[in-house]
Amino acid sequence: MNKIFSTFIILLLSVISVSAKNLKPTSWESYGVTFLAPADIIIEDDSEESLTISNSDISINIQLLYGDGLKEKELIDDLKHITQEDNLKQTSEISPIELIHFFGAYITGTCETDQCLYSYLTTKDNACSFYISIICGKSDLSLAKEILRSFKLE
């Protein structure tokens with residue numbers, strides 16, 4: 001009986017885990033940016049300045065940074081500044097990221113009770129940069145990193 005119950009619990013947790021990672025392509029059409037996001041995401045704000053989407057466990061905010069794109073040193077300095085400004089705790093080292101259409105950096109940590117990932121991505125032609133924050137409730141940061149790594153231009 002215990003073996004059947006244990007098997008049922010493991011199967012149930014597997015189904016919950018798979019459904020939590022159900023990601024779909026999502027676009028910020030103002031700038032032709034696409035990325036993966038949870039399938040049950042709701043658009044809260046879609047303007048020329050920012051895109052904010054969320055579900056019950058994750059919130060993703062993307063903001064266009066005006067002017068030319070940030071250089072690599074500027075990305076790192078700005079990430080350090082924003083983590084101090086937002087009082088991010090238990091921070092990781094700043095990690096570089098190289099994507100098909102972007103270069104950038106990100107940092108993870110805890111903001112209040114949630115897990116956070118902050119990133120700056122600059123287009124490879126250095127035309128513009130984006131600030132991205134992904135705040136996770138119960139999800140672990142591997143989901144936030146997967147979302148970040150999916151960013152590309154249409």
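Q: Is Y31 buried, exposed or partly exposed?
A: The general idea is to take the relative accessible area and see where it falls: under 20% is buried, over 50% is exposed, and the range in between is partly exposed. In this predicted model, Y31 has 28% relative accessibility, so this residue counts as partly exposed.

Q: And W28, which class does that one get?
A: Run the cut-off again. W28 has a relative accessible area of 0%, so W28 is buried.

Q: Which parts of the chain does the pair of Y31 and F130 tie together?
A: Here you ask where each partner sits. Y31 is in the loop between strand 1 and strand 2, while F130 is in strand 9, so their pair ties together parts 99 residues apart in sequence. As for cover, F130 has 2% relative accessibility and therefore counts as buried.

Q: Which residues do ring pairs link into a cluster?
A: Follow the pairs from ring to ring. Doing that here gives a cluster of W28, Y31, F102 and F130. The structure holds seven aromatic pairs.

Q: How many residues does the largest nonpolar core have, and which have the most contacts inside it?
A: Think of a core as buried nonpolar residues joined through their side chains. The largest one has 29 residues, and F35, I60, I62, I134 and F151 have the most contacts inside it. Elements that give two or more residues to this core include strand 2 (33–38), strand 5 (58–65), strand 9 (129–136) and helix 3 (141–149). Helix 3 gives the largest share, five residues. Apart from this core lies another one of 13 residues, with L70, L75, Y118 and Y131 among them.

Q: What is I62 in contact with, once neighbours within four places in sequence are left aside?
A: Skipping the sequence neighbours leaves the contacts made by the fold. For I62 these are W28, F35, E49, S50, L51, F130, Y131, I132 and F151.

Q: Where is S133, and is this residue buried or exposed?
A: S133 belongs to strand 9. With a relative accessible area of 9%, S133 is buried. Beyond neighbours within four places in sequence, S133 is in contact with S59, I60, N61, L117 and Y118.

Q: What is the strand order in the open sheet of three strands?
A: Read a sheet by its pairings. The order is 1-2-10, and the pairing is antiparallel. Strand 1 and strand 10 (152–153) are the edge strands, each pairing on one side only.

Q: How many helices and strands does the chain have, and what pattern does it follow?
A: Count the elements, then read them along the sequence. The chain has three helices and 10 strands, in the pattern α-β-β-β-β-β-α-β-β-β-β-α-β.

Q: What share of the chain counts as buried?
A: Whole-chain totals make a handy last check. Of 154 residues, 44% count as buried. The accessible surface comes to about 9,000 Å², with 55% of that belonging to carbon and sulfur atoms. Among contacts with a separation of 6 or more, 45% are between residues 24 or more positions apart.

Notes: Residues numbered from 1 in each chain as written. Predicted model: local features only at pLDDT ≥ 70, side-chain atom pairs only at ≥ 80, totals over all residues. Heavy atoms only, no water. Core = buried A, V, L, I, M, F, W, Y, C linked by side-chain atoms within 4.5 Å. Buried < 20%, exposed > 50% of the residue type's maximum accessible area, 1.4 Å probe, protein only. Helix = DSSP H or I, 4+ residues; strand = E, 2+ residues; numbered from the N terminus. Contact = heavy atoms within 4.5 Å. Pairing = 2+ DSSP bridges. Phe/Tyr/Trp six-rings, centres within 6.5 Å; stacked < 30°, edge-to-face > 60°. Areas by Shrake-Rupley, 256 points an atom, 1.4 Å probe, with all protein chains shown as cover.
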